[in-house]
Amino acid sequence: MTPTLSVSIDRESKTNAVIHPNCSFPDRTVASSASPGLTRRKPSSSSSSSSTQPGRVVGRVTIPSRASEPQFPFWQQTWFIALLLAMAVAFLCLAVFLFLGLDLDTGYAATTEGVQITYGSVLKLMHERTKFRLHSHDVPYGSGSGQQSVTGFPNVDDANSYWVVGPQLETSARQGDSIPSGTIIRLQHMKTRKWLHSHLHASPISGNQEVSCFGGENESDTGDHWRVMIEGTGKTWKQDQRVRLQHVDTGIYLHSHDKKYQRIAGGQQEVCGVRDKRADNVWLAAEGVYLPEVGGSNSKLGYSLDADSSFAKSERTLCFFLNL
């Protein structure tokens, strides 16, 4: 039997043919390489790689290019929307931080630390240990002097806890003057116009010295005098200063503790006077309207705080801001 050959053409080179033995075509027969009439041609280098795989047709495949995506304005781009979301989250976190920046432990939002307390300022006094505010209302004691009661109030948002800082009787102090340590002051209850007072009566719960509210706009005596004693190195009374208030006539310190009333002033704690220094007779200035220190120029304002003045002009303005 005569051996037959098949021919495979490399379509890329289109010139060289590789002859494989023992393969036949239906219409023709090609002699083997041993036949005298056939001249073997050396394949070129371009077809050498194709000859390693007999019968494989090498072609070129063209992959169509990807269609370009449509271009949108930058405010419709994904990165810009993500940036807006990130900014919104950042502003939300800032708002939460500012809200929680309020002094939640003490229950009040302090203004700038170190604010000077001056005559004419309206403030709340916070008991350092219990965080109750010095408070009064038009309810008399059922024992002792029978004068207007003074208590410690647990809530911050109560208008009956505001006190006006005034000078002692017969003084030349003026509105806006600062208050050095050791200064004698008076505290006037904003709502009832009576003065923080003490005298030799027993307090209702503990039996210590009674603290009450007494007098009025044109009625005051030395029983309303309290000496500001700053704890620490401070020289003038400021909002962040720990202070004790010592009653001038009797020498006791303004004091409070966690002993509470049960009936008339239920939930409010006793305020009284004790003779020795204790941790329970330290107070701090809390919420309020603090008038700026103006020195000698305040005489132009017409708010002279002599012995006969009860701050009527300045308090009308302060009442507007405090909604009293």
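Methionine 126 has leucine 284 as its bridge partner, and this leucine lies in strand 14. The model is a predicted one.

**Strand 3 and strand 14**

- Strand 3 pairs with strand 14 over 5 bridges, and the sense of the pairing is antiparallel.
- Strand 14 is largely enclosed by the rest of the structure, because 5 of its 7 residues are buried.

**The largest nonpolar core**

- The largest nonpolar core contains 30 residues.
- Leu134, Val165, Ile185, Leu196, Trp237 and Leu254 are the residues with the most contacts inside this core.
- Two or more residues of the core come from each of several strands, including strand 3 (122-127), strand 6 (163-167), strand 7 (184-189) and strand 14 (283-289).
- Strand 10 gives the largest share of this core, namely 3 residues.
- Once neighbours within four places in sequence are left aside, the contacts of isoleucine 185 include Val165, Trp237 and Leu245.
- Among the other residues in contact with isoleucine 185, again leaving aside neighbours within four places, are Tyr119, Ile179, Trp226 and Val228.

**Serine 121**

- Serine 121 is found in the loop that lies between helix 2 (78-100) and strand 3.
- Is serine 121 buried or exposed? Serine 121 has a relative accessible area of 0%, and a residue counts as buried under 20%, so serine 121 is buried.
- The side chain of serine 121 reaches the backbone oxygen of threonine 118, at 3.0 Å.
- Apart from neighbours within four places in sequence, serine 121 is in contact with Trp163, Val164, Val165, Val289, Tyr290 and Leu291.
- From C-alpha to C-alpha, serine 121 and glycine 176 are 8.1 Å apart in space, while 55 residues separate them in sequence.

**The chain as a whole**

- The protein chain has 14 strands and 3 helices.
- The chain consists of 324 residues, of which 39% count as buried.
- Of the contacts between residues at least 6 apart in sequence, 66% join residues that are at least 24 apart.
- The protein chain exposes about 18,900 Å², and carbon and sulfur atoms supply 55% of this area.

Key
Residues are numbered from 1 along each chain as its sequence is written. This is a predicted model: local features need pLDDT of at least 70, side-chain atom pairs count only at pLDDT 80 or more; totals for chains, interfaces and linings use all residues. Side-chain values use heavy atoms; hydrogens and water are left out. A nonpolar core is a set of buried Ala, Val, Leu, Ile, Met, Phe, Trp, Tyr and Cys residues joined through side-chain atoms within 4.5 Å. Buried means under 20% relative accessible area, exposed over 50%, partly exposed in between (1.4 Å probe, protein chains only). Helices (H or I, at least four residues) and strands (E, at least two) are DSSP runs, numbered from the N terminus. Contact means heavy atoms within 4.5 Å. Accessible areas come from the Shrake-Rupley method with a 1.4 Å probe; for residues, only the protein chains shown count as cover. Two strands pair if DSSP finds at least two bridges between them. A polar contact is a pair of N or O atoms within 3.5 Å; within protein, one must be able to donate a hydrogen and the other to accept it, and residues adjacent in sequence count only if both atoms are side-chain atoms.
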